[in-house]
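Welcome! Please take a moment to look over the sequence and the structure before reading on.

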Amino acid sequence: MKGLKNKVALISGGMGDIGMAIATRLMQEGARVVLGDLKAKDAALLAARFQDGQVPDYVQLDVTRAESWKSAFEQVVALHGRCDVLVNNAGVISTQSVPFSDIDFQEWKRLFTINVDGTFLGIQAGIAAMQGNENGGAIVNMGSIAGFVGSVGGGSYGASKSAIINMTQQAALSAARSGQKVRINAVHPGYVWTQLVDATLSKQFGSEEKALEAVRAMNPMNQIVSVNDVAAAVVFLASEDARMINGTGIVVDGGRLLQ
């Protein structure tokens with residue numbers, strides 16, 4: 001994709017399956033990548049995942065703390081001289097599947113603190129770090145199709161992802177009108193097949209084969225959204241090919257929202 005060679009990107013939640021898929025695709029496009037994560041650096045996992053010898057850099061990042069974001073960007077700049085791209089990928093799902101009336105308030109606050117506050121702080125820190133770049137920068141937030149529709153048992157997660165939709169619009173328009181030269185968009189995946197999803201659904205349905213069949217059946221294309229599908233959309237929005245795309249989102253769900 002156009003304009004990613006030698007760009008510098010920070011990915012929050014970088015040690016997860018989606019984060020590492022985004023890192024891989026960015027590096028294939030010639031970008032220099034820094035993974036940010038609350039987890040301690042797992043050198044063995046990174047070496048196994050990035051077997052071509054190109055291992056991304058790593059910084060500790062707690063997305064719920066403004067000072068942690070500031071420190072992360074300072075480290076990225078110290079390593080590479082600047083930052084051009086932020087992927088606000090860090091997020092959590094709910095441990096509960098209950099009617100909306102039964103959502104535990106502490107669980108509600110946990111999801112909003114990480115998914116919403118974490119994205120908010122990332123956008124602020126990203127604009128501060130990138131607005132002085134000659135060519136500005138790009139921020140890509142991680143939403144979900146859950147932010148567009150209701151659900152029986154996923155009210156806290158869906159509401160948190162719905163906030164990402166409008167936050168992306170608000171931040172994008174504000175940055176553009178303020179002359180900050182930072183584009184802000186979002187990617188909204190459907191059910192993405194990760195190791196966590198595999199383990200959870202295989203247990204729920206009795207086997208991986210039955211779990212895969214159930215997830216395919218949700219999708220009009222009878223296929224499953226992969227981490228690479230999500231990564232491709234993220235990297236496109238980060239690239240100069242998307243230079244006139246701002247304040248919007250790409251849904252990556254195989255048409256599931258059409259039903």
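Here is a short tour of a predicted model, starting with its nonpolar cores.

## Nonpolar cores

The largest nonpolar core holds 34 residues. Ile-11, Ile-22, Leu-26, Leu-35, Val-187, Val-230 and Val-234 have the most contacts inside it. At least two core residues come from each of strands S1 (8–12), S2 (32–37), S4 (85–88) and S5 (137–142), and likewise from each of helices H1 (17–28) and H8 (227–238). Helix H8 gives the largest share, eight residues.

Setting aside residues up to four places away in sequence, Ile-22 touches Ile-11, Val-87, Asn-89, Met-142, Ala-231, Val-234 and Val-235. Another core, of 28 residues, lies apart from the largest one and includes Val-8, Met-130, Ala-171 and Val-182.

## A buried serine

Is Ser-68 buried or exposed? Its relative accessibility is 8%, so Ser-68 counts as buried. Ser-68 sits in helix H3 (residues 66–80). Beyond its neighbours within four places in sequence, Ser-68 contacts Gln-60, Leu-61 and Asp-62. A polar atom of the Ser-68 side chain lies 2.8 Å from the backbone nitrogen of Asp-62.

## Salt bridges

The model has six salt bridges. One of them joins the side chains of Glu-74 and Lys-70 (2.6 Å, N to O). Both residues lie in helix H3, four residues apart, about one turn of the helix. Glu-74 is partly exposed at 46% relative accessibility, while Lys-70 is exposed at 53%.

In helix H4 (residues 105–130), Arg-110 and Glu-107 are three residues apart, and their side chains meet in a salt bridge (3.0 Å, N to O). Arg-110 is partly exposed at 29%, whereas Glu-107 is buried at 6%.

Definitions and conventions
Residues are numbered from 1 along each chain as its sequence is written. This is a predicted model: local features need pLDDT of at least 70, side-chain atom pairs count only at pLDDT 80 or more; totals for chains, interfaces and linings use all residues. Side-chain values use heavy atoms; hydrogens and water are left out. Buried means under 20% relative accessible area, exposed over 50%, partly exposed in between (1.4 Å probe, protein chains only). A polar contact is a pair of N or O atoms within 3.5 Å; within protein, one must be able to donate a hydrogen and the other to accept it, and residues adjacent in sequence count only if both atoms are side-chain atoms. Contact means heavy atoms within 4.5 Å. A nonpolar core is a set of buried Ala, Val, Leu, Ile, Met, Phe, Trp, Tyr and Cys residues joined through side-chain atoms within 4.5 Å. A salt bridge is a side-chain nitrogen of Lys or Arg within 4 Å of a carboxyl oxygen of Asp or Glu.
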